[in-house]
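Take a moment with the structure before reading on. We will walk through it step by step.

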Amino acid sequence: MADDHIIDLRHVSKRFGDKTILDDINLYIRKGEFVTLLGPSGCGKTTTLRLISGFLAPDEGEILLDGKDISAIPPYKRPFNTVFQRYALFPHLDVYDNIAFGLKLQKVPQDEIEKRVKRVLKLVSMSDYEDRDVESLSGGQQQRVAIARALVNQPKILLLDEPLAALDLKMRKDMQIELKEMHKKLGITFIYVTHDQEEALTLSDTIVVMNEGKIQQIGTPIDIYNEPVNCFVADFIGESNILKGRMIRDRRVAFLKHEFDCVDEGFGEDVPVDVVVRPEDIYFTTDPAKCQFTATVKSCTFKGVHYEMFVDTDKGYELMIQDYDPYPVGSEVMLYIDPDDIQVMHKERTRNVFDGKMVDETHVEIMDGVFECLPQEGIAAGDPVRAVIRFEDVDLLDNQEDGVVAGEVHFLLYKGDHYHLTILTDEGYHIWVDTNDIWDKGDLVGVNIAPKDIKLEKRDEA
Amino acid sequence: MKRSHWSIPYVVFMAIFVVLPLVLILVYAFQDGNGHFTFSNITRFFSDSDALGTFAVSIEVAIENTLICILLGYPAAWILANRELNRSAVTIILFIMPMWINALMRTLATAELFNMLGITLGKGTLLFGMVYDYLPFMIYPIYNVLAKMDKSYAEAAQDLGATPWKVFWKVTVPLSMPGVSSGVLMVFMPTVSTFAISEFLTNNKIKLFGTIIQENINSSMWNYGAALALIMLIIIGVTSLFSDERKEAEGALI
């Protein structure tokens with residue numbers, strides 16, 4: 001372990017009932033760093049924070065502070081302080097007593113308390129508010145008091161649980177700048193939880209992107225934005241065009257049914273990949289020599305600083321483009337993409353693969369449902385099998401009852417000419433589906449697969 | 001019909017069954033036996049050492065009962081509201097259930113129980129009966145406040161270095177005071193005016209303020225009885241004024 005680590009999470013897992021909230025989390029945080037745990041609700045970011053603050057204990061793994069395991073240390077003995085999402089200021093105490101709460105518990109002398117409360121109130125620009133009733137303060141002022149109450153104890157780490165979520169946009173922006181300045185001035189470690197990607201990009205030294213209890217990517221804001229490692233990160237951070245592609249060889253990739261030079265190497269030859277192009281990285285040109293492909297402008301919306309346009313490419317893909325200049329709807333445009341701006345990612349998966357069992361000659365049990373399949377030589381009833389189903393072969397039905405298994409649309413990505421959906425079944429299985437139909441997140445669906453589309457192979461029971 | 005007309009039946013009901021009796025008490029309290037205006041009923045109370053003594057005993061018993069109810073009721077409410085200690089709603093219903101049964105019946109049953117066990121009726125049995133009758137009225141409002149209390153307050157206190165014991169005394173208790181004052185109101189006021197419990201559980205060995213009012217009315221001394229009732233009303237009114245301060249706090253029952 002390097003000396004500059006203040007917190008180490010090693011193989012940390014947490015379950016509530018039979019639901020896994022955190023799955024083998026490994027993370028270290030350096031002294032003085034501003035680290036943001038970023039992800040959609042339910043991704044495990046708040047659980048991670050509560051494990052560090054000590055309100056929850058991990059089911060597996062260990063949490064180290066300065067290299068020492070702190071599992072056995074209760075929250076009130078940990079040298080951290082938290083700024084809670086809804087502030088949690090004590091309504092029976094005034095501003096001064098709220099801030100002095102921690103110091104009084106430590107039996108700090110009266111005059112020292114007074115000095116420190118005054119100093120910290122000045123830090124959060126709330127001097128002269130000592131005697132105010134906390135409930136008479138505005139949301140932003142309560143937030144400042146909450147930050148002051150945490151900082152006055154001079155914690156080794158300040159934990160912030162979506163502290164700006166309840167504030168309006170203008171106030172949020174101001175507080176972001178102030179938090180950043182406080183971090184610089186105080187030099188202590190900040191661990192910040194948010195679902196707001198813009199906030200994370202603005203504030204952090206390091207961003208930890210989480211989804212479904214797993215860390216997706218750890219990196220600086222620039223790394224995360226420019227080089228997302230998978231579709232989830234690319235989609236979650238900023239706007240992006242995510243497209244199916246094929247790595248032809250090193251530094252050459254095909255997508256949009258065109259070939260492009262890129263800077264990525266080491267994927268191999270003729271390998272399916274996902275490609276991310278940010279909307280601001282697609283350029284208009286009038287020079288036919290530069291043009292890589294053409295497109296028709298479908299819509300053009302003014303967004304303040306830039307225009308956001310949707311175009312249909314010559315090969316039928318829809319792309320989002322941001323540019324300072326508008327192009328009229330219906331016009332034919334020439335476009336190009338710089339090799340540097342093409343981010344190539346390994347495909348996380350190329351097909352659905354399920355382990356199951358043959359029920360009889362023409363039925364197979366996978367995902368706790370019995371699907372019809374074609375009889376196959378050498379596979380008898382009761383045999384363990386592996387079923388392979390292509391993304392585009394999964395049929396989704398409006399009524400859950402009509403499907404062999406029922407589920408809901410859990411996550412969806414638009415890939416230029418089709419949607420890539422993640423279906424979470426009621427039994428907890430994931431199925432990935434490519435479709436041209438439009439579904440929304442949370443839609444309840446039935447899942448069916450045609451017998452001919454289920455490819456079976458015998459599996460050795462290990 | 002205007003919306004405000006809907007309230008007419010209630011206004012009539014209130015006038016007949018609430019306002020009119022109060023007015024009658026007021027009128028009777030300031031009349032002598034012949035219907036002439038007088039202050040003598042009121043002054044008589046303040047020179048009646050028997051009545052004053054009973055009054056003092058009533059207040060004393062009410063305070064004792066209220067204190068015992070807080071001491072027993074607060075921990076009970078705390079345990080009921082604590083999800084880790086109490087996972088079922090059944091226990092809460094068990095605590096509240098005595099409220100469903102008529103207090104008179106429970107008191108009679110308690111008296112029989114004491115007789116059967118050969119326990120002499122007196123102050124002890126009186127207090128037992130009162131606590132038994134009024135404890136749910138203390139538990140319920142406190143439980144209500146504790147159950148609704150935002151857990152993040154306790155977490156914030158822990159986060160700032162408070163041990164569970166300190167969290168309880170510095171955060172949980174102060175924040176649950178609205179529930180406690182509701183409970184005090186619901187226990188203290190009825191205890192001052194009760195007479196059935198003392199009749200059954202002490203065989204009238206200990207007289208309470210309610211008992212004298214009842215005795216006076218029963219022996220047709222309506223005017224003095226009304227004056228005593230008025231004095232009691234004023235005292236109850238004053239107590240409720242004291243506990244009104246934190247009324248706006250959520251979870252309070254009254």
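Which elements do the buried residues of α7(B) pack against? They pack against α1 (45–53), β6, α2 and α4 (139–151) of chain A, together with α8 (164–175) of chain B. Two parts are in contact when heavy atoms lie within 4.5 Å. Helices (H or I, at least four residues) and strands (E, at least two) are DSSP runs, numbered from the N terminus.

This is a predicted model: local features need pLDDT of at least 70, side-chain atom pairs count only at pLDDT 80 or more, and totals for chains, interfaces and linings use all residues. Residues are numbered from 1 along each chain as its sequence is written, chains are lettered from A and ligands numbered from 1 in the order in which they are written, and side-chain values use heavy atoms, with hydrogens and water left out.

Stay with helix α7 of chain B, residues 151–159. Its buried residues are B:Ser152, B:Tyr153, B:Glu155, B:Ala156, B:Ala157 and B:Asp159. Buried means under 20% relative accessible area, exposed over 50%, and partly exposed in between (1.4 Å probe, protein chains only). After α7(B) comes B:Gly161, with a positive phi near 105°.

Now look at the interface. In it, 20 residues of chain A are in contact with 18 residues of chain B. The two chains bury about 1,800 Å² between them, 64% of it on carbon and sulfur atoms. Buried area is the accessible area (1.4 Å probe) that two parts lose on being put together, summed over both. On the side of chain A, A:Tyr76, A:His92 and A:Leu105 lose the most area to chain B, together 34% of what that side buries.

Charges meet here too. The rule finds two salt bridges across the interface of chain A and chain B. A salt bridge is a side-chain nitrogen of Lys or Arg within 4 Å of a carboxyl oxygen of Asp or Glu. The side chains of B:Asp150 and A:Arg86 form a salt bridge at 3.4 Å, N to O. On chain A, β6 (80–83) and α2 (95–105) are the elements that give two or more residues to the side touching chain B.

Between β6 and α2 of chain A runs a loop, and A:Ala88 sits in it. A:Ala88 is not a glycine, yet its phi is positive, about 55°. Is A:Ala88 buried or exposed? A:Ala88 counts as buried, because its relative accessibility is 2%.

Turn to the aromatic rings. The structure holds 27 aromatic pairs over all chains. Rings of Phe, Tyr and Trp (its six-membered ring) pair if their centres lie within 6.5 Å; planes under 30 degrees apart count as stacked, over 60 as edge-to-face and the rest as tilted. The rings of B:Phe13 and B:Phe17 have centres 4.9 Å apart and planes at 40°, so this pair is tilted. Both residues lie in helix α1 (residues 8–29) of chain B, four residues apart, about one turn of the helix. An α-helix has 3.6 residues a turn, so residues three or four places apart point the same way. B:Phe13 is partly exposed at 49% relative accessibility, and B:Phe17 is exposed at 55%.

B:Phe45 and B:Phe55 make an edge-to-face pair, 6.0 Å centre to centre with 90° between the planes. B:Phe45 lies in helix α2 (residues 40–47) and B:Phe55 in helix α3 (residues 49–81) of chain B, so the pair ties together parts 10 residues apart in sequence. Both are buried.
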